[in-house]
Amino acid sequence: MWTLDLQLTYFDVHNPREMVIHSTNPIEFFSGVSTIAMELLETRALFRRAPYTLGHRYPTERRMDQHRLQSSGRLSWALVSASVFFRQRRRLRNPRALPIEESLVADPWRRGFEAAPETHPVMLEAIEGEIPSDLVGTIYRNSAGRLRIGASEYEHWFDGDGFVSALSVDGVQQKAAFASRFVRTPRFVAQEKPGAFARAQEGLGMASVGAWTPADNGDFFSNVFRLATNPANTSVLWWGDRLLALCEGGLPYRLDPGTLETLGEDLFKDRSISESGVSFFSAHPKRDPTTGELFNIGLTISVPQAIEVYCCSATGELLQRAKVPLKEFTFVHDFAITEKYIVLIMPPWVCPVDGLLQSLWEGGLGQKFGWQEELGTRCVLLKRSDLSTVPWHMTLANLEGTCSQLR
Ligand SMILES: [Fe+2]
């Protein structure tokens with residue numbers, strides 16, 4: 001078993017010093033792919049871990065199939081349907097069991113992408129140095145904690161199951177504790193059922209449709225008219241005394257801040273999920289450090305396509321919302337706020353209509369997106385005061401260029 005001691009390296013910007021905490025028992029922790037660099041309360045702390053390398057895991061022919069499928073997105077319906085039929089039949093006859101164990105021996109770094117076991121809250125002992133007395137608080141992290149089950153793997157780590165970890169440090173009491181747990185999304189619960197888990201272990205695929213991963217290795221009947229599920233795997237938000245696990249592809253899940261138990265979907269404090277009418281709530285909200293207001297965006301499934309913008313109170317209530325229409329089905333991942341404006345960045349990363357429809361019978365919506373450079377990158381401004389769109393926007397010729405024109 002490959003394990004990693006919990007190690008915290010602390011840098012005080014005014015008084016450089018270092019403290020190391022090792023767990024009394026080896027813990028596999030912080031599985032996932034995000035780098036860890038966070039602010040802990042008012043003290044800057046940097047958490048380091050084993051040097052993971054980002055990149056594709058286990059290249060497979062199946063992935064190459066999907067690249068070809070993406071390029072076939074513009075073929076006629078008949079050709080696509082025939083292609084899908086024969087591809088599914090071939091996959092079902094020949095499920096590919098990957099030599100994963102062999103690859104782990106050959107490339108030990110791959111274990112950084114293996115699933116971490118859940119850890120019930122455990123006390124940690126500082127065996128070297130001491131915890132700074134002004135370091136008190138809990139840092140929560142979220143990432144894709146499970147990328148495969150047996151011989152079945154998610155097609156992209158964006159589909160990995162959300163896994164939240166909590167490191168609590170109390171420099172006054174000289175105590176530290178650690179806990180980690182998967183977010184109990186419906187897709188995680190479905191995957192844990194004995195039959196579904198056994199099928200995945202045998203290489204017969206995942207139980208639910210992911211944004212990049214079709215269910216049951218692409219079986220037609222397992223994917224038709226099923227939408228991508230939310231893995232709740234991207235970030236965490238402490239908002240109005242609530243701990244939320246976020247992902248762009250769905251609504252937040254509320255967690256118990258102590259036990260990390262999943263309490264269910266949750267969003268605004270002043271209205272229920274059904275009342276809010278929100279489908280997606282991005283994993284990258286922005287908080288105004290002066291007013292405490294929280295801003296976020298979310299894709300809406302509507303015709304015409306639109307991005308919804310939310311302005312919320314510091315305590316969790318929805319204050320204002322506005323829709324920004326999209327010309328194409330664009331993946332708008334992030335945005336920025338200034339003192340007066342909200343800046344939306346709309347890259348030409350779009351899903352054509354036929355690709356969108358195709359995803360209804362063959363899972364993997366994320367695979368249908370493509371870069372259409374001729375569309376350019378658009379920036380849209382909204383006034384923070386009333387979320388009205390400023391009658392001005394610009395396009396960027398490409399990501400490396402600067403503003404090329406105003407219109
Ligand atoms: Fe993201």
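## Phe-369 and its surroundings

Set aside the neighbours within four places in sequence, and Phe-369 is in contact with Phe-331, Trp-349, Val-350 and Cys-351. This is a predicted model. Phe-369 sits in the loop between helix H8 (353–358) and strand E22 (370–371). Is Phe-369 exposed, partly exposed or buried? Phe-369 has 19 C-beta neighbours inside 10 Å. A buried residue needs 20 or more, so Phe-369 counts as partly exposed.

Phe-369 and Pro-348 are 21 residues apart in sequence. Their C-alpha atoms are 9.6 Å apart in space.

## A three-strand sheet

Strand E22 belongs to an open sheet of three strands. The order is E18-E21-E22, and the pairing is antiparallel. Which strands stand at the edges? They are strand E18 (329–330) and E22, and each pairs on one side only.

Strand E21 covers residues 349–351. E21 pairs with E22 over two bridges, in the antiparallel sense. Val-350 stands opposite Gly-370 in E22. Val-350 is also one of the contacts of Phe-369.

## Strand E20 and its two partners

Strand E20 runs over residues 341–346, and its side chains alternate. Ile-342, Leu-344 and Met-346 point to one face and are buried.

E20 pairs with strand E19 (residues 335–337) over three bridges, in the antiparallel sense. Ile-337 stands opposite Ile-342 in E20. E19 and E20 form a hairpin, with three residues between them. Strand E23 (residues 377–383) is another partner: six bridges join E20 to E23, and the two run antiparallel. Here Leu-344 has Val-380 in E23 as its bridge partner.

## The nonpolar core

How many residues does the largest nonpolar core have? It has 67. Those with the most contacts inside the core are Val-164, Val-236, Leu-244, Ala-245, Leu-246 and Leu-344. In soluble globular proteins, nonpolar side chains tend to be buried together.

Take Leu-246 as an example. Beyond its neighbours within four places in sequence, Leu-246 is in contact with Thr-234, Ser-235, Val-236, Leu-237, Pro-252, Phe-281 and Ala-283.

Helix H5 covers residues 194–201. Ala-196, Arg-199 and Ala-200 are its buried residues.

What covers the buried residues of H5? The cover includes strand E6 (148–149), strand E7 (152–153) and helix H4 (186–192). Just after H5, Gly-203 takes a positive phi of about 90°.

## A four-strand sheet

Four strands form another open sheet, in the order E14-E15-E16-E17. The pairing is antiparallel. Strand E14 (286–287) and strand E17 (318–325) stand at the edges. Each has a single partner strand, so one side of each is left without a neighbour in the sheet.

E14 is joined to strand E15 (residues 294–300) by two bridges, and the two run antiparallel. Lys-286 has Phe-295 in E15 as its bridge partner.

## Two positive phi values outside glycine

Phe-225 is not a glycine, yet it has a positive phi of about 60°. Phe-225 lies in the loop between helix H6 (220–223) and strand E10 (235–239). Phe-225 counts as exposed because it has 7 C-beta neighbours inside 10 Å.

Leu-260 also has a positive phi, near 65°. Leu-260 lies in the loop between strand E12 (253–255) and strand E13 (262–265). Is Leu-260 buried or exposed? Leu-260 is buried, with 24 other C-beta atoms within 10 Å.

## The whole chain

The protein chain has eight helices and 25 strands. Buried residues make up 35% of its 407 residues. Consider the contacts with a separation of 6 or more: residues 24 or more positions apart account for 56% of them.

Notes. Residues are numbered from 1 along each chain as its sequence is written. This is a predicted model: local features need pLDDT of at least 70, side-chain atom pairs count only at pLDDT 80 or more; totals for chains, interfaces and linings use all residues. A residue is buried if 20 or more other C-beta atoms lie within 10 Å of its own, exposed if 12 or fewer, and partly exposed in between; C-beta atoms are placed from the backbone. Two residues are in contact if their C-beta atoms, placed from the backbone, lie within 7 Å. Two strands pair if DSSP finds at least two bridges between them. A nonpolar core is a set of buried Ala, Val, Leu, Ile, Met, Phe, Trp, Tyr and Cys residues joined through C-beta atoms within 7 Å.
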